Amino acid sequence: MTTDLEKQIQDAQEAVTKQGDTVRSLKASLKDGKAEKAEVDAAISKLAELKIALDEKQKEYEKTTGKVSSQSKEALRAALAGVLERRMFYIPSFKIYGSVAGFYDYGPPGCAIKQNMTQVWRNHFVLEENMLEVECPAVTPEVVLKASGHVDRFTDFMVTDAATGECFRADHLLEGHLEALLEDKKNPPSAEKAREIRELLAGVGELKQDTMAAALQQYDVRAPGTGNALSPPFPFNLMFKTSIGPKGDMVGYLRPETAQGIFVNFRDLLYYNGGKLPFAAAQIGNSYRNEISPRAGLLRVREFTQAEIEHFVNGDDKSHPKFASVADLKPLLYSRELQMGEEKKAAPMSLGEAVSRGIIANETLAYFIGRTWLFFCKVGVNPARMRFRQHLQHEMAHYATDCWDGEVETTYGWVECVGLADRSAYDLKAHTSMSKIDLTAFEKFDTPRMEEVVRVVPNNKELGAVFKKDQKAVKEALEALSEDKAMDMKAKLEAGTPVALTTCEGQSFEIKPGMVEIKKVTEKVTGKTYTPSVIEPSFGIGRIMYCMFEHCYYTREAASKDEVRAVMGFRPVVAPTKATVFPLVQKPALNETAQRISRDLTAAGLSNLIDTTGNTIGKRYARTDEIGVPFAITVDFDSIEGNGSVTLRERDSMAQVRVPQGEVASVIRALVDDRTTWPEVAAKYPAQKATGDDE
């Protein structure tokens with residue numbers, strides 16, 4: 001029954017699309033005298049009937065299943081993709097050569113939105129939080145990414161079609177297969193089997209090579225399209241490898257993330273900041289990942305823009321001085337407890353309560369969750385369709401304290417757009433170990449303290465006699481021992497037991513009694529040296545943009561009821577063009593006034609377009625609504641012969657007011673900057689009977 005309804009909805013959607021094209025072509029023929037008006041009217045009536053039939057089928061599906069038809073989602077996605085590509089928000093790269101999966105070019109409105117969004121991000125985080133912004137190269141030497149673990153561990157499991165050799169991501173195939181089993185209404189799994197599938201689904205991303213292979217075999221997952229058997233899964237490194245220098249003897253990679261550039265500059269950033277912690281550094285730039293099978297447009301690409309923050313803090317004190325400013329915010333939190341519960345649904349909770357109950361590990365991490373939620377709201381993501389999902393224990397790296405993903409609901413499901421993680425001191429310690437450069441901070445006490453400290457004193461004479469050229473490495477490894485490891489070594493040596501010691505290079509040496517003296521002494525200390533912890537919010541700008549596109553897109557019928565007009569309801573702050581200026585008709589005096597207003601808008605830092613095409617005002621409104629222009633100014637005869645005011649129209653309400661020419665730029669500037677609202681503007685200026693939108 002459900003499958004039949006889905007097919008009926010798909011057929012009905014295709015019929016509506018086809019009839020809409022017929023209506024448009026007949027209208028064009030009518031203008032050329034090649035069609036009769038009665039013929040056009042009949043086509044419009046048929047289009048209306050088909051729309052009603054489609055609506056009824058969708059309502060029947062929703063009533064039967066309790067959810068929105070996947071065909072409806074696909075139709076929305078297809079309609080939105082049509083607008084985005086036709087209006088050149090973004091298009092596949094290298095189109096004339098057949099394109100390459102995973103690469104996209106941003107057109108004029110897409111570039112403007114991306115620039116606006118990154119500037120909002122910079123204002124919201126870098127400026128408001130006094131962060132230190134850096135810009136680092138995309139090409140990264142192998143040693144840096146060896147230290148970070150990317151060379152050895154930045155992999156996905158890949159499988160190939162045993163017959164054709166086509167490559168697929170193993171986890172994507174398994175997820176899709178398991179979801180299809182759960183949604184199979186003809187042969188639904190038993191309650192016990194469904195529970196088993198859901199549990200596997202929750203942990204697909206963390207499966208090891210052997211367990212991934214077992215799951216693919218257990219559920220008989222086949223190659224899409226062909227149904228052929230799959231190869232066993234094998235790891236595939238996602239980094240683009242390159243060589244540095246003319247001889248090509250230095251291995252490098254295009255960076256898979258921007259974070260490493262911040263970590264390797266920690267020592268200089270700390271000095272720049274006067275040696276004080278906590279502080280945050282930020283970077284906006286492109287990263288590169290050689291995805292196995294890119295899909296879903298901007299959601300999974302091979303080159304993308306990241307905006308990352310590394311907040312360095314003393315691991316013993318992760319409070320935040322501004323936490324009170326977000327403590328009362330109630331974003332949707334999808335904690336481990338809720339994920340493991342029966343309902344499996346996110347719930348609103350104040351960040352203050354989440355920290356006090358230990359759901360979020362500390363104030364600093366919660367603070368950035370709150371600031372991220374506010375940023376999403378600012379750029380036009382619907383807060384009701386946004387949640388923060390906590391990583392389950394098996395999903396987290398061994399060194400992480402707590403991790404949350406900022407996810408947004410789209411027609412593709414819940415999409416991860418931001419990762420927020422307490423990474424402890426792992427990154428700086430890893431680079432210290434590899435580079436041999438000390439990446440620590442010093443905390444000066446208000447007053448000196450008498451403290452018991454562990455002193456490790458190598459016996460240089462003994463070490464030199466035994467280890468010779470390796471003496472220096474052994475000595476450095478001994479002096480780098482943590483207090484716990486030093487005391488453990490002391491106990492074993494005093495018992496006459498040799499102790500294995502591993503150096504930074506991974507070499508192992510045997511330390512015997514007499515080679516080192518380890519003792520506790522009480523000393524006056526003025527401070528302590530420590531490796532800072534890192535709280536990392538990492539934003540995918542392209543993903544946030546796509547989610548915003550879906551949330552801002554809607555349609556409305558033209559007054560004639562014979563067509564549906566697309567609207568991109570962007571927030572003014574991110575809209576690619578802030579205002580359009582329309583002379584009512586083609587008259588030199590009106591055009592001259594429009595040009596002057598455009599110059600005023602430009603002087604106020606407001607991007608704008610003048611449309612003197614001669615089309616009706618209604619068609620000009622529709623065209624600019626489709627690219628998300630929030631405000632339209634119409635210059636009419638009252639503007640040059642009457643009181644000198646112009647008409648200002650707001651896109652979503654289509655309401656209009658009369659504003660003096662000299663004030664219109666400052667009014668729009670205030671609206672874009674959120675210093676005023678449209679209701680406040682409408683209350684201040686006289687209303688204008690809406691015209692143009694009824695065309």
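Colleague: How exposed is C111, in terms of relative accessibility?
Modeller: This is a predicted model, and in it C111 has 41% relative accessibility, so C111 counts as partly exposed.

Colleague: And what is the relative accessible area of C377?
Modeller: The value for C377 is 22%, so C377 is partly exposed. Buried would require a value under 20%.

Colleague: How many disulfides does a search of the whole structure find?
Modeller: The search finds 0 disulfides. For C111, the nearest cysteine sulfur belongs to C552 and is 18 Å away. For C377, the nearest cysteine sulfur is that of C552, 12 Å away.

Colleague: Let us turn to the sheets. In what order do the strands of the 9-strand sheet run?
Modeller: The order is β3-β10-β11-β21-β16-β15-β14-β12-β13, in an open sheet with mixed pairing. At the edges are β3 (132-133) and β13 (347-348), each of which pairs on one side only.

Colleague: What holds paired strands together in general?
Modeller: Strands of a sheet pair through backbone hydrogen bonds, in a parallel or an antiparallel arrangement.

Colleague: Parallel or antiparallel for β14 and β15?
Modeller: Strand β14 (residues 386-390) pairs with β15 (residues 402-410) in the antiparallel sense, over 5 bridges. As one example, R387 has E407 in β15 as its bridge partner.

Colleague: Which strands does helix α14 lie across?
Modeller: Helix α14 (residues 363-379) lies across β11, β14, β15, β16 and β21, and runs at about 145° to β16. Helix α19 (residues 541-552) lies across β11, β15, β16 and β21, with an angle of about 140° to β16.

Colleague: Now the sheet of 3 strands: what is its order?
Modeller: Its order is β6-β5-β7, and this open sheet has antiparallel pairing. The edge strands are β6 (167-169) and β7 (234-237). On average, neighbouring strands of this sheet are turned by 50° against each other, ignoring direction.

Colleague: How many bridges link β5 and β7?
Modeller: Strand β5 (residues 155-160) and β7 pair over 4 bridges, in the antiparallel sense. Within β7, F234 is the bridge partner of M158.

Colleague: What about helix α7: which strands does it lie across?
Modeller: Helix α7 (residues 170-183) lies across β5 and β6, and its angle to β6 is about 65°.

Note on methods: Residues numbered from 1 in each chain as written. Predicted model: local features only at pLDDT ≥ 70, side-chain atom pairs only at ≥ 80, totals over all residues. Heavy atoms only, no water. Pairing = 2+ DSSP bridges. Helix = DSSP H or I, 4+ residues; strand = E, 2+ residues; numbered from the N terminus. Contact = heavy atoms within 4.5 Å. Axes fitted to C-alpha atoms, helices over the stretch in contact; angles between N-to-C directions. Disulfide = S-S within 2.5 Å. Buried < 20%, exposed > 50% of the residue type's maximum accessible area, 1.4 Å probe, protein only.
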